[in-house]
Amino acid sequence: MTLAEYNAFCAALPATTHVVQWGGADVWKVGGKVFALGRDEAGGALFVSFKCSPMAYEMLRDAPGCRPAPYLASRGMKWIQRFSDESLPDDAFRDYLRESHRLVAAGLTKKVRADLGLSG
C-alpha cells in the first residue's frame, strides 16, 4: 500500500478528518481522536500505526513486518505499527484500519457519535 492509497482508504471511512502533524505524519481521526497515523520512510516504505484489540496486539506485535507502535505502545496502549506487508497483506491491513476506526469511534460519547452520524 502506498501513502496515497492509505490516505484514500482512511478518507473513505465514516466521519474522518485528516491532519498532517508530528513531523509530517498523515494522521487520521474520528471525533477528534486518532485511529491511524502513517508516513513514508526512507526508501519509500509506508509505516502506519493503528489501534487494535488486546488479542490482535498479542498476535501482531512479533509478526514479521509489524511491531508495537513506537511511543504509543510504550505507554501501555494497544497500538501496532505495520512497516511491511510480510505478514499483514493490504487486504488484512485494511480490515485492521477499519477496526481501529471502529474501536476509536466506540470510545466517543454517545452525543459525539450521534453528531457524527455514527450511532446505531
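The model is predicted, so local features need pLDDT of at least 70 and side-chain atom pairs count only at pLDDT 80 or more, while totals for chains, interfaces and linings use all residues. Residues are numbered from 1 along each chain as its sequence is written, and side-chain values use heavy atoms, with hydrogens and water left out.

Helices (H or I, at least four residues) and strands (E, at least two) are DSSP runs numbered from the N terminus. Helix 3 covers residues 90-106 and has 17 residues. From its first C-alpha to its last, helix 3 reaches 24 Å, close to the 24 Å expected at 1.5 Å a residue. That expected span is 1.5 Å times one less than the number of residues. Several residues of helix 3 are buried: F93, Y96, L97, S100, H101, V104 and A105. Buried means under 20% relative accessible area, exposed means over 50%, and partly exposed lies in between (1.4 Å probe, protein chains only). An α-helix has 3.6 residues a turn, so residues three or four places apart point the same way.

Helix 1 (residues 3-12) packs with helix 3 at an angle of about 40 degrees. Their axes are 11 Å apart. Axes are lines fitted to C-alpha atoms, for helices over the stretch in contact, and angles run from 0 to 180 degrees between N-to-C directions. The angle makes helix 1 oblique to helix 3. Angles under 35 degrees count as roughly parallel, over 145 as roughly antiparallel, 65 to 115 as roughly perpendicular and the rest as oblique. Contact means heavy atoms within 4.5 Å. Y6, F9 and C10 in helix 1 meet R94, L97 and R98 in helix 3. The residues of this contact divide into 4 nonpolar, no polar and 2 charged.

Two further residues of helix 1 can be described. N7 lies in helix 1. N7 is buried, with a relative accessible area of 16%. Leaving aside residues up to four places away in sequence, N7 touches H18, D26 and W28. A8 is also found in helix 1, but A8 counts as partly exposed at 49% relative accessibility. A8 and E99 are 91 residues apart along the chain, and their C-alpha atoms are separated by 16 Å.

L37 lies in strand 3 (residues 33-40). Residues up to four places away in sequence again not counted, L37 touches Y6, W22, D26, V27, F47, V48, S49, L72 and W79. L37 and Q81 are 44 residues apart in sequence and 9.1 Å apart in space, C-alpha to C-alpha.

Key
Nonpolar A, V, L, I, M, F, W, Y, C, P; charged D, E, K, R; others polar.
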